[in-house]
Amino acid sequence: MVETYGVGMDANRTVRWGILATGGIAERFTRDVLTLDGAEVVAVASRTEASAKAFADRFGIPRAYGEWAGLFADDDVDVVYVATPHHAHRAAAGLALEAGRAVLCEKALTLNAREAEELVALSRDRGLFLMEAMWMYCNPLVRRIAELVRDGAIGEVRTVQADFGIAGPFDAGHRLRDPAVGGGALLDLGVYPVSFAQLLLGEPSTVHAHARISPEGVDLNTGVLLGWDSGASALLSCSLEADTPLTASVTGTEGRIDVPRGFFFPERFTLLRNGAEPEEYVNEDDPHSLRHEAAEVMRCLRAGETESPLVPLEGSLAVMRTLDAVRDRVGVRYPSELAVTRA
């Protein structure tokens, strides 16, 4: 018996999670989801039974599968958290949806917009919940920034600046330099500045980009300039070669919002209205926690919603189109895309 979510669950019912993959982000997510009332992790799957069993033992998970199919066929699983590398998102999330499971899929949602559109179409056709794990959008302070901008606290937005760079170095064999798994700075890191800008301004009308490309063919250091018909612009960057400030700033006609280091999991931000004293906003919760996105998934499932208003599917599709446009400008293509072109 497979349960789907066209109608709401009991508001107090436990939501049973299945975890797909056993890497660092899966560990973080599992640790955080287990702090939520009404959440239970009932199964984990990996490419090997040994890895799945070790993960299950670490977190007290009752069932471990050495292949995906067992997890998707497990009728005790309400929702699957997909934490595989980027190149496997489309297949993993698609198979979970086809098995009748709700899905929370790590960002970037897929390798490209075509794959993302296929997943969204499948979820809508099946009437099943799907959400990109853009935890930044669920962060209380990021939500407050979006509210302030939407309410006109800084007037009409004119510029957004954001960056995400880490120093590395990463050798040629690292997954971040492997085009076959969607390596490069853009999908791992650049998705955050792009998503931040589009949270505030929507999908841009123009995309310009420049990048330093590795010998393997992935972007190592990328600058992006986005433009909107309103006249607003965003200057964004991501890097696998430089430890950038990790800050963000939104400037409008009547003020500015500055977010210090760690803009995608902010501990605080400052609102500077023209002619007024600075206003400080502080996150009293753990800003590094992934439980906010897990809680949003659980709220949606219990309410019978097939997508989240905090991380809407149309927004995820729009971000994927922008990432595609950036890669087109800098000349990055993944092997699976080249195979489709040749076919």
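Is Asp 125 buried or exposed? I began my entries on this predicted model with that residue, and I noted that Asp 125 counts as exposed, with a relative accessibility of 62%. Its salt-bridge partner is Arg 126, with 3.9 Å from N to O, and I recorded Arg 126 as partly exposed at 39%. Elsewhere, I found one network built from salt bridges with shared partners, which joins Arg 13, Arg 16, Arg 63, Asp 74, Asp 76 and Asp 78.

**Entry: further salt bridges**

I looked up the total and found 32 salt bridges in the structure. One of them joins Arg 58 and Glu 27, whose closest N and O atoms are 2.9 Å apart.

I then turned to the salt bridge of Glu 118 with Arg 114, where the N to O distance is 3.3 Å. Both residues lie in helix α5 (residues 113-126), 4 residues apart, which is about one turn of the helix. For Glu 118 I wrote down a relative accessible area of 32%, which makes this residue partly exposed, and for Arg 114 a value of 34%, also partly exposed.

Which side chain of opposite charge is nearest to Asp 163? I found that it is Arg 261, at 6.2 Å, and that Asp 163 is buried yet has no salt bridge; the cut-off for such a bridge is 4 Å. Asp 163 sits in strand β7 (residues 157-165), and a polar atom of its side chain lies 2.6 Å from the backbone nitrogen of Leu 246. Setting aside neighbours within four places in sequence, I listed the contacts of Asp 163, among them Pro 193, Ser 237, Thr 244, Leu 246 and Phe 263.

**Entry: aromatic pairs**

I counted 13 aromatic pairs. In the pair of Phe 55 and Phe 59, the ring centres are 4.9 Å apart and the planes stand at 45°, so I logged the pair as tilted. The two residues are 4 apart in helix α2, or about one helical turn; Phe 55 is buried at 0% relative accessibility, and Phe 59 is buried at 17%.

The rings of Phe 164 and Phe 264 have centres 4.5 Å apart and planes at 25°, so this pair is stacked. It links distant parts of the chain, 100 residues apart, with Phe 164 in strand β7 and Phe 264 in the loop between β12 (255-259) and β13 (268-273). Both Phe 164 and Phe 264 are buried, and I found them in one aromatic cluster together with Trp 135, Tyr 192, Phe 196, Phe 263 and Phe 265.

I followed strand β8 (residues 206-213) to strand β9 (residues 219-227) and found antiparallel pairing over 8 bridges, in which Thr 206 has Gly 227 of β9 as its bridge partner. The hairpin of β8 and β9 has 5 residues between the strands, and there Gly 217 takes a positive phi near 105°.

Strand β9 also pairs with strand β10 (residues 233-239), in the antiparallel sense and over 7 bridges, and I noted Val 224 opposite Leu 236 in β10. In the hairpin of β9 and β10, with 5 residues between the strands, Gly 231 takes a positive phi near 100°.

Terms used: Residues are numbered from 1 along each chain as its sequence is written. This is a predicted model: local features need pLDDT of at least 70, side-chain atom pairs count only at pLDDT 80 or more; totals for chains, interfaces and linings use all residues. Side-chain values use heavy atoms; hydrogens and water are left out. Buried means under 20% relative accessible area, exposed over 50%, partly exposed in between (1.4 Å probe, protein chains only). Lys and Arg count as positive and Asp and Glu as negative; His and the chain ends are not counted. A polar contact is a pair of N or O atoms within 3.5 Å; within protein, one must be able to donate a hydrogen and the other to accept it, and residues adjacent in sequence count only if both atoms are side-chain atoms. Contact means heavy atoms within 4.5 Å. Two strands pair if DSSP finds at least two bridges between them. Rings of Phe, Tyr and Trp (its six-membered ring) pair if their centres lie within 6.5 Å; planes under 30 degrees apart count as stacked, over 60 as edge-to-face and the rest as tilted.
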